[in-house]
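Take a walk through the inside of this protein. Start at a pocket, then move to the packing around it.

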Amino acid sequence: MSQTRGRYDFCIGLVLAMSSSIFIGGSFILKKKGLLRLARKGSMRAGQGGHAYLKEWLWWAGLLSMGTGEVANFAAYAFAPATLVTPLGALSVLVSAILSSFFLNEKLNLHGKIGCLLSILGSTVMVIHAPQEEEVETLNEMSHKLGDPGFVVFATLVVIVSLILIFVVGPRHGQTNILVYITICSVIGALSVSCVKGLGITIKELFAGKPVLKHPLSWILLLSLIVCVSTQINYLNRALDIFNTSIVTPIYYVIFTTSVLTCSAILFKEWQHMAADDIIGTFSGFLTIIVGIFLLHAFKDVNFTLANLPLSLRKDDRAANGTLLSTFDCINHDEESSACEIQSTESLSARRNGSLSAF
């Protein structure tokens, strides 16, 4: 009976985790569709500081989809192990990229597809070797953790960096550099996750009959969460309005996950008990994600598919054997000997200069 119950819980957790990825991945598409519709109407775009998206039902549908996905993700942890739920969160990157290619006409080339797969692989490796979170059972323990000097310094740096990006870097480079708005969302997201953790403890103690509503930390966490989430939504909308969705989604996932892992390591002291192989595995997974994001971002404008691969190989073969073929042609065609001689000379010159364009 116990084994059957455990299998049943596992299936529920698996379905919830996959549903979460689908809802979150689809939310980016719905939001982008709403922002594009506003742009066609001539409304001030979110990238320029406008908030007309608040009147667009598609944008609200995207927000509702993201909220549903987050709720499903939190619920999945109650049924399935974290080693199953957490890596499945990376599927939202793949879902968003695929849906954007169908519904937003955003092309995802071969490099982008490999980049998405590498991001998922790297996330899986990071989760396998991720440190276990230190348990915090009460609001008083959470208050003690939040008052730790290391976390206070980290939170102060996050606030300072965010303010610089918002008021100094954003107005100058936000329209051209994809990392500006996404970094704002990501680093503030690390604080919002800490607030969610604290509020989760508050709700648990509230159901246990403890007077947590009289604790000032409860209201501080709630107010901080509202400010953080509002800021994240604002700047994520700007990034989605300006840049390609299939690029915004994985970059946001990587930077956000890195910020959350860093914040959790400082807040809960996770890295102190990690083995050397787990540390190496965590960094290896992180580097794999970076490589995947590089492939996805750096070659997004390159029109390259599997159908082009044989053609490219044939061109390389012709380039490598160009001189030999030219000589053979000259032997069998005496009437074109002078032209072949000129071609052979130009080919050799091009090869000395490291160029294959002559072929």
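Which residues line the second largest pocket? They are Leu146, Phe151, Leu191, Ser194, Cys195, Leu217, Ile220, Leu221 and Ser224. (A pocket is an open set of points on a 1 Å grid where a 1.4 Å probe fits, with protein on both sides within 12 Å along at least five of seven lines; lining residues have an atom within 4 Å of a point.) Its volume is about 150 Å³. Helix H9 (216–242) gives the most to the lining, with four residues.

This is a predicted model: local features need pLDDT of at least 70, side-chain atom pairs count only at pLDDT 80 or more, and totals for chains, interfaces and linings use all residues. Residues are numbered from 1 along each chain as its sequence is written, and side-chain values use heavy atoms, with hydrogens and water left out.

Phe151 is buried, at 7% relative accessibility. Phe154 is buried too, at 15%. Both lie in helix H7 (residues 149–173), three residues apart, about one turn of the helix.

Notes. Points joined across faces, edges and corners; volume = space filled by probe spheres on them. Helix = DSSP H or I, 4+ residues; strand = E, 2+ residues; numbered from the N terminus. Buried < 20%, exposed > 50% of the residue type's maximum accessible area, 1.4 Å probe, protein only.
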